[in-house]
Amino acid sequence: MAAVAPPVRGGLGGPAAGQGRARVMAAGRLPPGALSLRQFLRRQQVLQLYRKILRAIRDVPAEQDRRYLKDWAREEFKRNKDATEEDAIRMMITQGNMQLQELQRTLKLAKS
C-alpha cells in the first residue's frame, strides 16, 4: 500500500493558490473596483508627479516654506483625488508638471 502525503498548506491548488480569482479572470471580467489599464497608468502618472513634487520641495532651504509647500501639494492632490474625467485629469497632470518645473527653476536660480 502506498503512503498518501498530507496536504501542504499554501501549496499548489486550493483557494490559497488563487483558484477563486482564476474563475473571475477566466470569464474576462475585472473584479468590482478594479482599475482599467488606462486608469492604472494615469494613476501611476499622478503618483509619480506627487513624488517628484515632494522631492523638489526637499530642496527648499527654509523650513517654513518647505512645510507650506508640502501642505499645499498634499491638499491639492487630496482635493482632486476623486476626479474621474479623463480630460480633467490630464489637464491637472499638465498643470502639476508646469508648477513642478517652475519650482525647480526657482530653486536653481536661488542656488546660483
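Tutor: Axes here are lines fitted to C-alpha atoms, for helices over the stretch in contact, and angles run from 0 to 180 degrees between N-to-C directions. This is a predicted model, so local features need pLDDT of at least 70 and side-chain atom pairs 80 or more, while totals for chains, interfaces and linings use all residues. Numbering starts from 1 along each chain, and side-chain values use heavy atoms, without hydrogens or water.

Student: At roughly what angle do the axes of α2 and α3 cross?

Tutor: Helices are DSSP runs (H or I, at least four residues), numbered from the N terminus. The axes of α2 and α3 come within 10 Å. The pair counts as roughly antiparallel (over 145 degrees), given a crossing angle of roughly 170°.

Student: Which residues of α3 make the contact with α2?

Tutor: Contact means heavy atoms within 4.5 Å. On the α2 side you'll find V46, L49, Y50, I53, L54 and I57. Facing them from α3 are R66, L69, K70, A73, R74 and F77.

Student: How many residues of the contact of α2 with α3 are charged?

Tutor: Asp, Glu, Lys and Arg count as charged; Ala, Val, Leu, Ile, Met, Phe, Trp, Tyr, Cys and Pro as nonpolar; the others, Gly among them, as polar. The contact has 9 nonpolar residues and no polar ones. The charged count is 3.

Student: Is R42 buried or exposed?

Tutor: R42 sits in helix α2. Beyond its neighbours within four places in sequence, R42 touches E86, I89, R90 and I93. Its relative accessible area is 17%, and the cut-off is under 20%, so R42 is buried.

Conventions
Helix = DSSP H or I, 4+ residues; strand = E, 2+ residues; numbered from the N terminus. Parallel < 35°, antiparallel > 145°, perpendicular 65-115°, else oblique. Buried < 20%, exposed > 50% of the residue type's maximum accessible area, 1.4 Å probe, protein only.
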